[in-house]
Amino acid sequence: MNFALGKKPDGRTPRSRVTPATVIAVASGKGGVGKTWMSCTLAACFAKMGRRTLLVDGDLGLANVDVQLGIAPETDLAAVIAGWVELEDAVTKVNGGAGSPVGFDVLPGRSGSGALAGLPAEEASRLAASLTALALQYDTVLVDLGAGIEDNVMRLARACDRCLIVANDEPTSMTDAYAFIKVLRGYAPSVQPWISINMADTRVAGRRTYEALARASQTFLGFRPPMAGIVLRDPKVREAIRQQKTIISMDPQAQAALDAAQIAEALIRGGAESIAQSA
Ligand SMILES: Nc1ncnc2c1ncn2[C@@H]1O[C@H](COP(=O)(O)OP(=O)(O)O)[C@@H](O)[C@H]1O
Ligand SMILES: [Mg+2]
């Protein structure tokens with residue numbers, strides 16, 4: 001199996017940049033908190049900011065980035081893992097692809113192809129290394145990680161610069177988010193965890209959820225992950241998913257779209273302001 005990036009079949013070498021992309025994992029611990037929606041929406045936000053963006057569906061077992069975006073990919077990560085195509089040739093373009101005004105590239109997963117957890121460790125590590133190589137062609141790479149805290153999820157997370165942890169106010173989401181932060185800290189101490197609260201009923205309630213998580217981290221792990229932002233519960237999210245469009249292209253003025261745009265800004269700014277806000 002070969003995940004290496006070589007010459008394309010037409011003899012061209014892939015475009016590469018001096019500075020690799022900022023690679024951001026989107027994680028949650030628990031499923032159903034809006035991780036895939038957040039990943040797709042942030043990809044559209046980064047594209048709108050003029051950044052060449054790649055969205056990777058790292059949730060191999062229950063891949064659904066393609067479903068949320070309404071694309072029908074010809075190849076996917078499962079084909080890459082099987083050794084049938086090179087990683088960079090498995091990219092599908094959304095809205096004209098990376099480099100066009102609102103477009104970005106997607107490396108789709110394949111639902112039912114077997115969970116990431118089932119991959120042998122060295123294949124998961126090779127996949128992570130190949131993503132790092134592919135990042136040379138982009139400004140931002142987002143990885144929608146599968147739920148859970150298994151080793152292979154952590155292997156992918158370890159290849160990232162930052163990890164955006166999505167949580168909501170349900171106790172199970174909060175305990176799983178905390179568990180993720182704890183394991184990530186041990187597994188990949190150089191990866192900066194950020195917290196975003198999704199589906200908050202009010203900003204005050206969202207802030208309270210963040211504070212509970214940040215306090216637990218501070219008390220038991222000795223550090224306070226910064227706040228990336230709060231996304232309010234918004235019926236437009238369901239509508240966009242039903243229409244298989246990003247909320248950014250469906251209704252950029254929707255509350256959840258504006259909230260996600262602020263998170264994209266915070267992640268790129270790198271956080272002095274957000275860290276100060278969260279202190
Ligand atoms: N901000 C939000 N407001 C309202 N509903 C939301 C919001 N974010 C997510 N959802 C709902 O949550 C569901 C699960 O989202 P999804 O992205 O598939 O979660 P995950 O990837 O974490 O399993 C979506 O189908 C959507 O209906
Ligand atoms: Mg998902």
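The following questions and answers concern a predicted model.

Student: How many helices and strands does the chain have?

Tutor: The chain is 279 residues in length, and 48% of them count as buried. Among contacts between residues at least 6 apart in sequence, 76% join residues at least 24 apart. As for its elements, the chain has 11 helices and eight strands.

Student: Which elements each supply at least two residues of the shell around ligand 1?

Tutor: Ligand 1 is surrounded by 17 residues, of which the closest are Gly34, Lys35, Thr36, Trp37 and Val237. The elements that each supply at least two residues of this shell are α1 (35-48), β7 (192-200) and α8 (235-243).

Student: How many nonpolar, polar and charged residues does the shell around ligand 1 have?

Tutor: The shell consists of 17 residues, with Trp37 and Val237 among the closest. Trp and Val both count as nonpolar, whereas Lys counts as charged and Gly as polar. By class, the shell around ligand 1 divides into seven nonpolar, six polar and four charged residues.

Student: At what angle do helix α5 and helix α6 pack?

Tutor: Two packed helices are described by the angle between their axes and the distance between the axes. Helix α5 covers residues 151-158 and helix α6 covers residues 171-187, and their axes are 10 Å apart. The contact involves Met154, Ala157 and Arg158 of α5, together with Val183, Leu184 and Tyr187 of α6; by class, it has five nonpolar, no polar and one charged residues. The crossing of α5 and α6 is right-handed, and the angle is about 65 degrees.

Student: Are α6 and α7 parallel, perpendicular or oblique to each other?

Tutor: The axes of α6 and helix α7 (residues 203-221) come within 10 Å and cross at roughly 40 degrees. Angles under 35 degrees count as roughly parallel, and those from 65 to 115 as roughly perpendicular. The two helices, α6 and α7, are therefore oblique.

Student: Which residues of α7 does α6 meet?

Tutor: The crossing of α6 with α7 is right-handed. From α6, the residues involved are Met174, Ala177, Tyr178, Ile181, Lys182 and Arg185. By class, this contact has eight nonpolar, two polar and two charged residues. The residues met in α7 are Thr209, Ala212, Leu213, Ala216, Ser217 and Leu221.

How values were computed. Residues numbered from 1 in each chain as written. Chains lettered and ligands numbered in written order. Predicted model: local features only at pLDDT ≥ 70, side-chain atom pairs only at ≥ 80, totals over all residues. Near = placed C-beta within 6 Å. Helix = DSSP H or I, 4+ residues; strand = E, 2+ residues; numbered from the N terminus. Axes fitted to C-alpha atoms, helices over the stretch in contact; angles between N-to-C directions. Left-handed = near helix turned anticlockwise from the far one by under 90°. Contact = placed C-beta atoms within 7 Å. Parallel < 35°, antiparallel > 145°, perpendicular 65-115°, else oblique. Buried ≥ 20, exposed ≤ 12 C-beta atoms within 10 Å, placed from the backbone.
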